[in-house]
Amino acid sequence: YDFGGQPGTVYVCSMQVIAQETRAQLTAEVLDVLMGVGRRFRRRSAGTTIDPGAFWLLRSLLCDNPVRPTDLAASIGLDTSTVSRHLSQLHRAGLVERSVDPDDRRAQRVELSEAGRAEVEAALSARRTLLERSLSDWSDEDVELLHRLITRMLASLESTEEGPARP
């Protein structure tokens, strides 16, 4: 492009390329950090026996109402077969109770047992304590900013996701 021979023409174009490379680099670094945070929060919490792979499924059952496994799978974006396999293991461990669906006697509903509820609450408490300790030297303003930005990022991820979520 000819911008009338004004100095800086190449500089402007190269700055656009650098800005894109910097954005890509920064995005890659954000991904690395988020994966590190995810790994840390997926670890089994001290004092709990919940398998990290089943934690989010159990966390989803904290509501007070029994739910069909198919509805649970849809709400957390997992295949029904994956959820069924986890539920079988959790039922054997005494963390989940099954009951007949009153609307369709052929179907089942699941809910946390008392032991399951206690395990999930203990695991959540341990994660909250870890996060509180990690942010203890942050200002209230920084914690509020983190909350706003992470909430915004999650909303963006959910609105741009293509197809069903994968485990």
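Student: Ala107 first. Buried or exposed?
Tutor: Ala107 is buried, at 18% relative accessible area. Buried means under 20%, exposed over 50%, and partly exposed in between, with a 1.4 Å probe and protein chains only. This is a predicted model: local features need pLDDT of at least 70, side-chain atom pairs count only at pLDDT 80 or more, and totals for chains, interfaces and linings use all residues. Residues are numbered from 1 along each chain as its sequence is written, and side-chain values use heavy atoms, with hydrogens and water left out.

Student: Where is the place of Ala107?
Tutor: In strand E2, which covers 104–112. Helices (H or I, at least four residues) and strands (E, at least two) are DSSP runs, numbered from the N terminus.

Student: Leaving aside neighbours within four places in sequence, which residues is Ala107 in contact with?
Tutor: Arg68, Ser99, Val100 and Asp101. Contact means heavy atoms within 4.5 Å.

Student: How many residues apart in sequence are Ala107 and Arg68?
Tutor: 39 residues. In space, their C-alpha atoms are 7.5 Å apart.

Student: What does Arg68 meet in a salt bridge?
Tutor: Asp101, at 2.4 Å from N to O. A salt bridge here is a side-chain nitrogen of Lys or Arg within 4 Å of a carboxyl oxygen of Asp or Glu.

Student: Which parts does that pair tie together?
Tutor: Arg68 lies in the loop between helix H2 (52–60) and helix H3 (69–76), and Asp101 is in strand E1 (residues 96–101), so the pair ties together parts 33 residues apart in sequence.

Student: And what is the relative accessibility of Asp101?
Tutor: It is 0%, so Asp101 counts as buried. Arg68 is partly exposed, at 25%.

Student: Which other residue forms a salt bridge with Asp101?
Tutor: Arg109, with the closest N and O atoms 3.0 Å apart.

Student: How many salt bridges does a search of the whole structure find?
Tutor: It finds 4. One of them joins Arg106 and Asp104, with the closest N and O atoms 3.0 Å apart. Arg106 is exposed, at 77% relative accessibility. Asp104 is buried, at 18%.

Student: Which residues do shared partners join into one network?
Tutor: Arg68, Asp101, Asp103 and Arg109.

Student: Switching to helices. Which residues in H2 are buried?
Tutor: Ala54, Phe55, Leu57 and Leu58. The buried residues of H2 pack against H3, H4, E1, E2 and helix H5 (114–134).

Student: What describes two packed helices?
Tutor: The angle between their axes and the distance between the axes.

Student: OK, at what angle do H2 and H4 pack?
Tutor: About 95°, with the axes 10 Å apart; helix H4 is residues 80–92. That makes H2 roughly perpendicular to H4. Axes are lines fitted to C-alpha atoms, for helices over the stretch in contact, and angles run from 0 to 180 degrees between N-to-C directions. Under 35 degrees counts as roughly parallel, over 145 as roughly antiparallel, 65 to 115 as roughly perpendicular, and the rest as oblique.

Student: Which residues make the contact?
Tutor: Gly53, Ala54, Leu57 and Leu58 of H2 meet Val83, His86, Leu87 and Leu90 of H4. By class, the H2 and H4 contact has 6 nonpolar, 2 polar and no charged residues. Ala, Val, Leu, Ile, Met, Phe, Trp, Tyr, Cys and Pro count as nonpolar, Asp, Glu, Lys and Arg as charged, and the others, Gly among them, as polar.

Student: At roughly what angle do H2 and H5 cross?
Tutor: Roughly 110°, with the axes coming within 10 Å. H2 and H5 are therefore roughly perpendicular to each other. Phe55, Leu58 and Arg59 of H2 contact Val120, Ala123, Leu124 and Arg127 of H5. The H2 and H5 contact divides into 5 nonpolar, no polar and 2 charged residues.

Student: Zoom out. What pattern does the protein chain follow?
Tutor: Read along the sequence, α-α-α-α-β-β-α-α. That comes to 6 helices and 2 strands.

Student: How many residues are in the protein chain, and what share is buried?
Tutor: There are 167 residues, and 22% count as buried.
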